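My notes follow in the order I took them.

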Amino acid sequence: MDKIETTYTDASYWSDRWKNSEISFHKSVNHPFLEKYFHLLANDDTKIRIFFPLCGKEVDMAWLWTLGHEIVGVEFSEIACEQFFTENSINYKISTLSNFKLFKSLDDRIKLYNGDFFKMNRDVEKPFGYVWDRGSLVALPKDLRIRYVEHMLGLLGEKFKYLMDTYDYDQNLYPGPPHSVRMEEIQKLYGERCTIDLIESKMHNRPFNEKLRESNCLFNKLYFLKNKN
């Protein structure tokens with residue numbers, strides 16, 4: 001088997017992708033999983049405050065904002081933050097904090113913190129009760145996934161609901177990103193504090209390379225996490 005070249009996908013890597021407009025990972029439509037299963041986070045007309053880690057310029061944020069929800073995101077790329085507001089025609093203001101540049105809608109219901117995710121803490125934002133992870137965990141290499149989850153769990157409230165979008169495939173066939181994160185790893189990372197349910201698994205219809213296409217074993221999976229107690 002040919003050797004698979006790996007790329008260390010840290011913040012610097014993703015920042016360069018944004019600077020070079022190499023953002024094929026960005027989707028211009030709402031994630032079907034979020035549309036289908038948002039009721040697991042909020043029922044009826046309940047309005048919630050939802051956290052988008054490593055948010056890029058996800059259109060999901062604009063969609064939920066139009067439904068009356070409050071959005072808090074963290075994103076390393078300033079370009080992504082600016083493009084989110086301009087492309088969705090949302091007026092915004094900018095302020096400078098100690099560790100972040102804050103992009104905020106004029107109605108204060110969207111706040112995007114431009115800076116290092118690992119500097120987000122409870123002094124910046126009160127604990128979160130709802131999370132939508134659209135490909136954030138799978139964007140990171142394994143060592144950073146461990147650190148990411150440890151830090152994320154520290155940002156959550158006593159009770160929380162958490163939807164997580166992942167990929168599952170043989171990483172000998174493709175090194176990522178997005179990386180393959182299987183149930184065993186998710187259980188190890190989150191299992192001490194969270195109940196974990198696989199909500200849906202479907203074949204991904206756009207394999208990342210020819211080897212994955214031939215394997216016919218690339219799955220997009222959605223997990224639902226909740227506090228254990």
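I began with the loop between β7 and α6, where P177 sits. The model is a predicted one, and I kept that in mind throughout. P177 is joined to G176 by a cis peptide bond, with omega about 0°. I then stepped on to P178, which is in the loop between β7 and α6. The bond between P177 and P178 is cis as well; omega there is about -5°.

Next I looked up positive phi values. S21, which is not a glycine, has phi near 55°. I located S21 in the loop between α1 and α2, the latter being residues 32–37.

N216 is not a glycine either, and its phi is positive at about 60°. I placed N216 in the loop between α7 (210–215) and β9 (219–227). I also noted G68, which follows α3 and has a positive phi near 100°.

That took me to α3 itself, residues 59–66. How many of its eight residues are buried? I found six, so the helix is largely enclosed by the rest of the structure. The buried ones are V59, D60, M61, A62, L64 and W65.

I turned to the pockets. The largest has a volume of about 1200 Å³. I listed 48 lining residues for the largest pocket, and those nearest its centre are W14, F25, H26, R134 and G135. By type, I sorted the lining of the largest pocket into 23 nonpolar, 13 polar and 12 charged residues.

Which elements supply at least two residues each to the lining of the largest pocket? I wrote down α1 (11–19), β2 (70–75), α5 (142–155), β7 (156–168) and β8 (194–203). The largest share comes from α1, with six residues.

The second largest pocket has a volume of about 170 Å³. Its lining is made up of K142, I146, V149, E150, L153, E184, E185, K188 and L189. Two or more of these residues come from each of α5 and α6, the latter being residues 183–190. I marked α5 as giving the most to the lining of the second largest pocket, with five residues. The lining of the second largest pocket holds four nonpolar residues, no polar ones and five charged ones.

Key: Residues are numbered from 1 along each chain as its sequence is written. This is a predicted model: local features need pLDDT of at least 70, side-chain atom pairs count only at pLDDT 80 or more; totals for chains, interfaces and linings use all residues. Side-chain values use heavy atoms; hydrogens and water are left out. On a 1 Å grid over the protein atoms alone, a cavity is a set of points where a 1.4 Å probe fits but cannot get out, and a pocket is an open set with protein on both sides within 12 Å along at least five of seven lines; lining residues have an atom within 4 Å of a point. Grid points are joined across faces, edges and corners, and a volume is the space filled by probe spheres set on the points. Helices (H or I, at least four residues) and strands (E, at least two) are DSSP runs, numbered from the N terminus. Ala, Val, Leu, Ile, Met, Phe, Trp, Tyr, Cys and Pro count as nonpolar, Asp, Glu, Lys and Arg as charged, and the others, Gly among them, as polar. Buried means under 20% relative accessible area, exposed over 50%, partly exposed in between (1.4 Å probe, protein chains only).
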